[in-house]
Amino acid sequence: MKTIFIAGASGFIGKHLLDNLIFDNCIYINKRDFNSIKHSEENSNNLKCLEDFHKKIKFDYVINCIGNTNTTSDDWDSLYEANCVTNLKLMNNLKYDYFIYLSSFSVFSERSIKIKI
């Protein structure tokens with residue numbers, strides 16, 4: 001049984017990861033996701049809400065699925081904050097063996113890959 005933290009477990013990718021990993025692993029998710037995800041009897045023992053004292057746990061995997069896909073704005077600073085700084089904060093504040101970042105950001109917008117001159 002692996003110990004895994006999934007950031008963004010209530011999003012599209014995160015939900016699918018959670019559904020596939022929950023039965024064979026101990027999964028931690030953040031409070032916002034924990035409150036929004038329905039818990040079944042089957043997965044309740046394997047699903048835990050990440051509390052401050054859990055940050056001392058060494059996770060086998062930290063999986064970040066958090067991403068800002070708001071492409072109606074040209075505010076690249078907010079996109080950088082949500083999509084890059086979040087990774088740095090997770091990497092600097094948690095103990096882990098492996099860090100995985102999954103993002104479908106560019107899939108959602110042609111604007112995200114265009115270069116303005």
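The legends below describe close-up views of one predicted model.

Residues are numbered from 1 along each chain as its sequence is written, and side-chain values use heavy atoms, with hydrogens and water left out. Because the model is predicted, local features need pLDDT of at least 70 and side-chain atom pairs count only at pLDDT 80 or more, whereas totals for chains, interfaces and linings use all residues.

View 1. Helix 3 covers residues 76–93; helices (H or I, at least four residues) and strands (E, at least two) are DSSP runs, numbered from the N terminus. Its 18 residues should span 26 Å at 1.5 Å a residue, and the end C-alpha atoms are 25 Å apart, which agrees. The expected span is 1.5 Å times one less than the number of residues. Helix 3 bends by about 35° at Val85, the bend being the angle between axes fitted to the seven residues ending there and the seven starting there. Leu79, Asn83, Val85, Thr86, Asn87 and Leu90 of this helix are buried. Buried means under 20% relative accessible area, exposed over 50%, and partly exposed in between (1.4 Å probe, protein chains only).

View 2. Tyr80, Leu88 and Met91 make a nonpolar surface patch of about 270 Å². Patches are made of residues with over 30% relative accessible area and no salt bridge; like charges are joined within 9 Å, and nonpolar side chains (Val, Leu, Ile, Met, Phe, Trp, Tyr) within 5 Å. Accessible areas come from the Shrake-Rupley method with a 1.4 Å probe; for residues, only the protein chains shown count as cover. Leu88 lies in helix 3 and is partly exposed, with a relative accessible area of 42%.

View 3. The structure holds three salt bridges, each a side-chain nitrogen of Lys or Arg within 4 Å of a carboxyl oxygen of Asp or Glu. Side chains of opposite charge can pair when their charged atoms come close. In the bridge between Lys58 and Asp97, the closest N and O atoms are 2.9 Å apart. Lys58 lies in strand 4 (residues 58–64) and Asp97 in strand 5 (residues 95–101), so the pair ties together parts that are 39 residues apart in sequence. Lys58 is exposed at 52% relative accessibility, while Asp97 is partly exposed at 40%.

View 4. The side chains of Arg32 and Asp33 meet at 3.6 Å, N to O. Asp33 is buried, with a relative accessible area of 1%, whereas Arg32 is exposed at 64%. Lys55 and Asp52 form a salt bridge at 3.4 Å, N to O. Here Lys55 is partly exposed, at 35%, and Asp52 is exposed, at 60%.

**View 5. Aromatic pairs.** Rings of Phe, Tyr and Trp (its six-membered ring) pair if their centres lie within 6.5 Å; planes under 30 degrees apart count as stacked, over 60 as edge-to-face and the rest as tilted. By this rule the count comes to four aromatic pairs. The ring centres of Phe5 and Phe59 are 6.0 Å apart and their planes stand at 45°, so the pair is tilted. Phe5 lies in strand 1 (residues 2–7) and Phe59 in strand 4, so this pair ties together parts that are 54 residues apart in sequence. Both Phe5 and Phe59 are buried. Tyr96 and Phe99 form a tilted pair, with 5.7 Å centre to centre and 55° between the planes. Ring pairs also link Phe5, Tyr28 and Phe59 into a cluster.
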